Amino acid sequence: MTGPAAVRTGVVVVGAGLAGWTVADTLRTEGYAGDVTVVGAEEHAPYDRPPLSKDFLAGRVGRPDLTLGGGSDDVTWRLGRRAVALDVPTRTVTLDDASTVTGDHVVLATGAAARRLPGPHGAVHTVATLDDAERLRAAVRPGTRAVVAGAGFLGLEVAASLTGLGADVTVVCAAAGPLLREIGPDASAAVLRLHEGHGVRVLTGARVSGVGGPRGRRRGRTSVDGPSGPVAVVLEDGREIAADLVVVAAGADPASAWLAGSGLRLDGGVVCDDAGLAAPGVHAVGDCAVWAGERCSHWTRTVRQARRVAAVVAHGRPPEADAEPDYVWSDQYDARLQLAGSLRGDETSEVVCADGGLFVVFRSGDEEVAAFALNQSRQLMRWRKTHRRRPAAERIPA
């Protein structure tokens, strides 16, 4: 009788999302000739996640359109397997089938896990994976009453997609306006008008405390939506919203709990230096990592980190740091929202263009540190080309 398989390889990448796929792909383009093994908890081949809440949820694209291409022919993929432990000194990863993979280098790219709310089975959804998005899309019909808990980019994209599918959507926003911390009050007000103009109700300054079962009314509580429906979304102030389904888009936590006891420092994610090194031969990238005190919060930063770590592994040294500002975009209805740079909260803002959209520049002292555009892509792209990222010491982690 044989025991669990033990594999030796050059590089073990734990996580088969954007970060892990980019590491593997870049290793090959950088000329790394050793064996590369990528471990992924999902059974799906690596795919692009941003469209899940937009074009995929809306039904405009299918599974094949999400697949990340290239870089896979000479990589070993261990899909449908979850990493459960890491021995740092030997760089050995133990999987959920008790098999092990040991590498000269280990790259941790497990991403983040969506926060969830307890509630009736089938009524509460997230949009963190392809399977999540498919379940949600199958549950929506014209007239479906949907509550979205969270008014960040993900929650607003989901709200727009569900509205396009004919749902009656309510967004519960903890702040005084959607995306307020990320884009400031002027832009937040414009985004609020965008959604309200498409029939979405946005409840600001409100938080969801739980989801009750069918006819989940409670004595002493008042309803903001008439007779109770299949589920009752309970707000912290005691109000209830009747809903057919609930989508939780209230943030995510780094998927690093499986590393407890490994000896790595975990503080909001895997703590690394400014090149992603957490321990000798152990690197971390993306949403599970904290680089030089900064958490990763953008698609573009994830790609930069993955390419940087791959170059370190391939050549033994990091490339010159990319000074391009962080960038995130979001398509909602017929509008494109774009943000370059990041805000600490103490900047001043100036609306420099509002004709047919909105363009806002943010300043720290005399320096322009971020810009936001609503249907002003040309302005935003021009700004990105002429501005650099703030040094790490001047930024606050997201």
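Which residues make up domain 1, domain 2 and domain 3 of the protein chain?

1. **Domains.** Domain 1 covers 6-113 + 252-315, domain 2 covers 116-248 and domain 3 covers 327-394. These bounds come from an automatic or database domain assignment. This is a predicted model, in which local features need pLDDT of at least 70, side-chain atom pairs count only at pLDDT 80 or more, and totals for chains, interfaces and linings use all residues. Residues are numbered from 1 along each chain as its sequence is written, and side-chain values use heavy atoms, with hydrogens and water left out.

2. **Domain 1 against domain 3.** The centres of the two domains, taken over C-alpha atoms, lie 30 Å apart. Seven residues from domain 1 and eight residues from domain 3 make the contact (heavy atoms within 4.5 Å). About 710 Å² is buried between them, 48% of it on carbon and sulfur atoms. Buried area is the accessible area (1.4 Å probe) that two parts lose on being put together, summed over both. K54, H298 and T300 supply 56% of the area that domain 1 buries against domain 3, more than any other three residues.

3. A salt bridge here is a side-chain nitrogen of Lys or Arg within 4 Å of a carboxyl oxygen of Asp or Glu. Helix 7 (residues 299-315) gives the largest share of the domain 1 side, four residues. Helices are DSSP runs of H or I, at least four residues; strands are runs of E, at least two; both are numbered from the N terminus.

4. **F372.** This residue sits in strand 26 (residues 367-374). F372 counts as buried because its relative accessible area is 0%. The classes are buried under 20%, exposed over 50%, and partly exposed in between (1.4 Å probe, protein chains only). Beyond its neighbours within four places in sequence, F372 is in contact with residues including I183, A187, L337 and L380.

5. **Salt bridges.** The structure holds 23. One of them pairs D104 with R8, with closest N and O atoms 2.7 Å apart. D104 is in strand 6 (residues 100-108) and R8 in strand 1 (residues 6-14), 96 residues apart. D104 is partly exposed at 39% relative accessibility; R8 is exposed at 51%.

6. **Other pairs.** R181 and E182 have closest N and O atoms 4.0 Å apart. E368 and R363 meet at 3.2 Å, N to O. Shared partners join R78, R81, D96 and D97 into one salt-bridge network.
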